[in-house]
Amino acid sequence: MTNFKAYSSHSLNGSIKVPGDKSISHRSIMLGSIANGVTNVSGFLEGKDSLATLRAFQQMGVQIEKEGSNIAINGVGKHGLKSPTKPLDLGNSGTSIRLMTGLLSAQSFNSQLCGDESLSKRPMARVIEPLYMMGAKIDSYESKPPLSITGNQQLSAINYILPVASAQIKSCLLLAGLYAEGETCIVENSTTRDHTERMLRGFGYPVNISNGQISLMGGGELNACDIEVPSDISSAAFFIVAASIAKESDITLNAVNINPTRTGILDILDLMGANITLTDKRIVAGELVADIRVCSAELHGINIPHELVPLAIDEFPVIFIAASCATGETVLTGAKELRVKESDRIQVMADGLKVLGIEIEVLKDGIRIQGGEFSKQNSVIKSHQDHRISMSFAIASCRSEYDIRIEGVDNVQTSFPNFLELANKIGMNIEEI
Ligand code: S3P
């Protein structure tokens, strides 16, 4: 087991580029594999999660060449995937298993999808139930991985109102819908990340989007295209908070994806009084990108607006660190989804913040955080197999007088393999022990 020892640090400076977006990296492999022709991807995230997706498609006969973060996918067309000879192990990755359950439900062969201990606890009924309505056949114990999918089912389109704001459910059903008879229509009451819709269009597949309804006709084809993966705002988020809370800081994060379905973190920190400026906005491969400059600021507590919750869903662990350094109280409600991420992020963050000396109250669908000081010595935090917990508590060292030990940080490899290197480059002081 690897641990972090994060020493007190102040004054972050410099300019860095965080790795490619995880959501876009997964989707580039999935869509590139079922497209006709060669899809070239640059800036692919070389994290364990996206590499698990890559390997799974190789196991289904897709030739994928990888040179660092450049990937060439020799698409096999919508009906060209081959039956894998063993279960597809998707590690820690919820995005891989949920999206692939949709895609594999529509194939002519059987498949099994499994993952690590954390993934094996995550709810899959949210995709199994609507896929069942489309005609899919999926077996599992208590709707948790491993999942056994029986192929050769002709799927039919559905109209489906998402019961939870989830891009993973939406994307799963859109991927199944590519193979279904008729028009699949998904209705979302809250906006969630739209990378699947954007990328399908990039592959020449018509998708209609209006007033929260996303629809596509089954039976079309995808044509290969080139994809430049922008930097992941969910990874940038750690340093956006770090530079906001560390005194006398001024950092720039280059070419970060600022797709409006992902920028809840910027809106929340803005409401808290952060000093963030976006420059050189441009479109890269269908996604909006900008350089993000962050300077230190005196943050204040807020009530987090509900509509921002799905737009910042992965950033709450580090937002809780920001809230702990703010004056006054921050309240989050309407976020019970946080309880079923890689860990129960409400409880695990609450436990860790208490260890650091912060006053919190756990709510059933959120948390109440009283800004204060990380006042405890010899703090030991457990990551609970959750990469974003590991990295968030490392960021707390930007405002702590004492070292913080974070246990079980191998999981950082799932989404941000060079986190430590970049953190230390801008002036943090974290050691792997
Ligand atoms: C993701 C969607 C989100 C997010 C996850 C990645 C995606 O999950 O938490 O890290 O790539 O579609 P939900 O859509 O289930 O909230």
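Two strands are said to pair if DSSP finds at least two bridges between them, and the strands themselves (E, at least two residues), like the helices (H or I, at least four residues), are DSSP runs numbered from the N terminus. The model is predicted, so that local features need pLDDT of at least 70 and side-chain atom pairs count only at pLDDT 80 or more, while totals for chains, interfaces and linings use all residues. Residues are numbered from 1 along each chain as its sequence is written, and side-chain values use heavy atoms, with hydrogens and water left out.

**View 1. Strands β7 and β9 run antiparallel.** Three bridges join β7, residues 111-114, to β9, residues 144-150. Within this pair, Ser-111 stands opposite Ile-149 of β9.

**View 2. An open sheet of four strands has the order β6-β7-β9-β8.** The pairing in this sheet is mixed. Its edge strands are β6 (88-89) and β8 (137-141), each of which pairs on one side only. In a regular strand the side chains alternate between the two faces of the sheet.

**View 3. Strand β20 pairs with β18 in the antiparallel sense.** Four bridges link β18, which covers residues 329-332, to β20, which covers residues 366-370. Leu-332 stands opposite Ile-367 in β20.

**View 4. A hairpin joins β19 to β20.**

View 5. The C-alpha trace spans about 60 × 45 × 40 Å along its principal axes. Buried residues, meaning those under 20% relative accessible area with a 1.4 Å probe and protein chains only, make up 58% of the 433 residues. Of the contacts (heavy atoms within 4.5 Å) between residues at least 6 apart in sequence, 76% join residues at least 24 apart.

Note on methods:
Buried means under 20% relative accessible area, exposed over 50%, partly exposed in between (1.4 Å probe, protein chains only).
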